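Morning, everyone. Let me put the structure on the screen, and then we will walk through the sheets, the core and a few single residues.

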Amino acid sequence: MSKEQQIDSLLHEERRFPPSAEFAAQAIGQASLYEQASDDREGFWATQSRELLHWHKPFTEVLDWSNPPFAKWFADGTLNVAYNCLDRHVAAGLGDRVALHFEGEPGDRRDITYAELTSEVKKAANLLSSLGLTQGDRVIIYMPLLPEAIIAMLAVARLGAIHSVVFGGFSAESLRARIDDAEAKMVITADGGNRKGSVFPLKAAVDQALADGKTSVEKVLVVQRGGNEVEWTSGRDLWWHEEMTPMSDDHRAEAFEAENPLFILYTSGTTGKPKGILHTSGGYLTQASFTHKNVFDLHPETDVYWCTADIGWITGHSYVVYGPLANGATQVIYEGTPDTPHPGRWWEIIEKYGVSIFYTAPTAIRTFMKLGREIPQKFDLSSLRVLGTVGEPINPEAWMWYREVIGGNTTPIVDTWWQTETGAIMISALPGVTSTKPGSAQVPIPGICVDVLTEDGQQVGPEAGGLLVITEPWPSMLRGIWRDPERFQETYWSMFGTRYFAGDGAHLDKDSDVWLLGRVDDVMNISGHRLSTMEIESALVAHPMTAEAAVVGAHDDTTGQAVVAFVILKSRFAGTLSDEEVSHQLRAWVGEQIGAIAKPKRVFVVAELPKTRSGKIMRRLLRDIAEGRDVGDTTTLMDASVIRTISDSVNE
């Protein structure tokens, strides 16, 4: 059976939410963008890049696709990424604008203007240069979400060096694998960070990763944050604040070629060698800036923007650091978790800073659904005017809850699809143009070409499912896997040649809007019928009792695979029914919504679901439990105890 048959879907959605006339009239992104991009795609991106960025040496070449899949964008131009994010705003008289409202988990806070941030990045660049860092050297950044983490990223970029940010929750073993693959010259870390009311150590993991002494790392810079005790290696370890104090803030930003590598970001796969996704400078910054401005309708003079992602993930790179700062935005960054010291912390922060644009993950939204609307309703969220989602497909009912409870039934929602590999948003509504549709990512952004294909490369057309591909090169596309071009070609380009296969299944509805169905691996074969996990999860979450659901296909001697569901109940329903009664109701409900073929064979009520530190549900581990196998590698989980609890419950 072909893959296009394997991911056919029954998703339908009739609700539409057009932008208000007032919003549409003032929107940054207008319908004319689609026309311009359609008429001349390369010319469109060239215009955007010239208008959005400062080029020290203007480019004359737009796209070199002479050696696919290795693209070059704006290759004969030169620029400095940090200059684009900082110096030019100060030179334009915007130095007093707040760049970062930093909110620490314990309640400490700092407001940092563009002038202050520029000064700190210049000092940090001088520091790193004094320690021997030069163009092309690699630096591992392993920190909490602090201003110093952003300063470190921009200082590395300012020197033309390459940063690789590793999320602070990763283990010493994972950290070492990334250090070795990148052959990093330096690590920038912190003594510790605040999480859920206590300090978690970071420097200790660095020490463990470097314990054998057989490493490329020469220096470890340590930001003082947690105040916890740390071991010290003389000659290698340096306190950030001590080294920064004598540094001058006089530093000239050198221009580098547009294809100069900017960062390596490792995907969080649990098996095999880590996969270092390489992004370069000019094309990446162009698309990050364009999408941030147009998808979120950014008015930098008045908006306060908040993306809740950590900088350890691509969302944090593109929509916390590079996109917002290139656009001169004022934004919030928050160190802690959404439930500390109370479950309304995020809404409290939105009220406090008057956040107008809010970008978060469906996982977080469903968690808040579980807790109940009475928590956000305690806070004034009237400043919000654009809401966004990222990370995985959002269920229509979670989308509606987000709009009604957080957005006051008026705020447009942009559900964005993109990947570490794409670098920036690829599919999304434009809030001033698109009539939004709950659960659907909808349409490619202007200048992006996507399609849904059969396994043999044929278009599926409306009301059919298939494989999501990107048919033309795009500015922020990955330039390869670090030092592994063969793996790059095999992983992304072997199936459709010069068309990039994203690894995701997708469905086109009758309007030709795109619905993401998740990874192709998350598709089940039930008695010869192919059903997507997202479709059944959406049905489960649409039930009034259900806050969140994860569905897997487990081996079944009769049907080949059987649907097994793991559900979290909304707090007001927890304990009101037995697990057997819940299972009976939800199985019947799915049968009504989709059909008898989709009814779960088993429904398990759980308190939490196993999620990675970026908030994605690890269905692979749930499949292990459902099939009675030992649970595999859990190193990327936010909380490994969750999977043990689920396993114990299922075994009982």
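One definition before we start: two strands pair if DSSP finds at least two bridges between them. Strands (E, at least two residues) and helices (H or I, at least four) are DSSP runs, numbered from the N terminus. Now the ground rules. This is a predicted model, in which local features need pLDDT of at least 70 and side-chain atom pairs count only at pLDDT 80 or more, while totals for chains, interfaces and linings use all residues. Residues are numbered from 1 along each chain as its sequence is written, and side-chain values use heavy atoms, with hydrogens and water left out.

Start with the seven-stranded sheet. It is open, its pairing is mixed, and its order reads β5-β4-β17-β16-β18-β19-β20. Which strands stand at the edges? They are β5 (109-113) and β20 (413-415). Each has a single partner strand, so one side of each is left without a neighbour in the sheet. From one strand to the next, the twist averages 15°. Angles here run from 0 to 180 degrees between N-to-C directions, and axes are lines fitted to C-alpha atoms, for helices over the stretch in contact.

Look inside that sheet. Strand β16 (residues 304-307) pairs with strand β17 (residues 330-334) in the parallel sense, over three bridges. Y305 stands opposite Q331 in β17. Helix α16 (residues 396-406) packs on the sheet. The helix touches β18 (357-360), β19 (386-389) and β20, where contact means heavy atoms within 4.5 Å. The direction of α16 makes about 155° with that of β19.

Next, the four-stranded sheet. This one is open too, with antiparallel pairing and the order β21-β22-β24-β25. At its edges stand β21 and β25 (514-519), each with a single partner strand, so one side of each lacks a neighbour in the sheet. Here the twist averages 45° from one strand to the next.

Stay with β21 (residues 450-453). Four bridges join β21 to β22, and the two run antiparallel. V450 has I470 as its bridge partner in β22. For L453, the partner in β22 is L467. In a regular strand the side chains alternate between the two faces of the sheet. Are the faces of β21 covered or open? Both are covered: V450 and V452 on one side, D451 and L453 on the other, are all buried. Buried means under 20% relative accessible area, exposed over 50%, and partly exposed in between, with a 1.4 Å probe and protein chains only.

S476 sits in the loop between β22 (464-470) and β23 (480-481). At 0% relative accessibility, S476 counts as buried. Its side chain makes a polar contact of 3.0 Å with the side chain of Q287. A polar contact is a pair of N or O atoms within 3.5 Å; within protein, one must be able to donate a hydrogen and the other to accept it, and residues adjacent in sequence count only if both atoms are side-chain atoms. Leaving out residues up to four places away in sequence, S476 touches several others, including H279, Y284, E421 and T422.

Now the aromatics. The structure holds 33 aromatic pairs. Rings of Phe, Tyr and Trp (its six-membered ring) pair if their centres lie within 6.5 Å; planes under 30 degrees apart count as stacked, over 60 as edge-to-face and the rest as tilted. Why is the pair of Y492 and Y500 stacked? Their ring centres are 5.4 Å apart and their planes are at 15°, so the pair counts as stacked. Y492 is buried at 5% relative accessibility, and Y500 is buried at 0%.

On to the core. A nonpolar core is a set of buried Ala, Val, Leu, Ile, Met, Phe, Trp, Tyr and Cys residues joined through side-chain atoms within 4.5 Å. The largest has 138 residues, and I188 and Y322 touch the most other members. Helix α8 (residues 147-158) gives the largest share, nine residues. A second, separate core has 50 residues, among them F17, A539, V590 and I594.

Last stop: E535, in helix α18 (residues 533-541). At 4% relative accessibility, E535 counts as buried.
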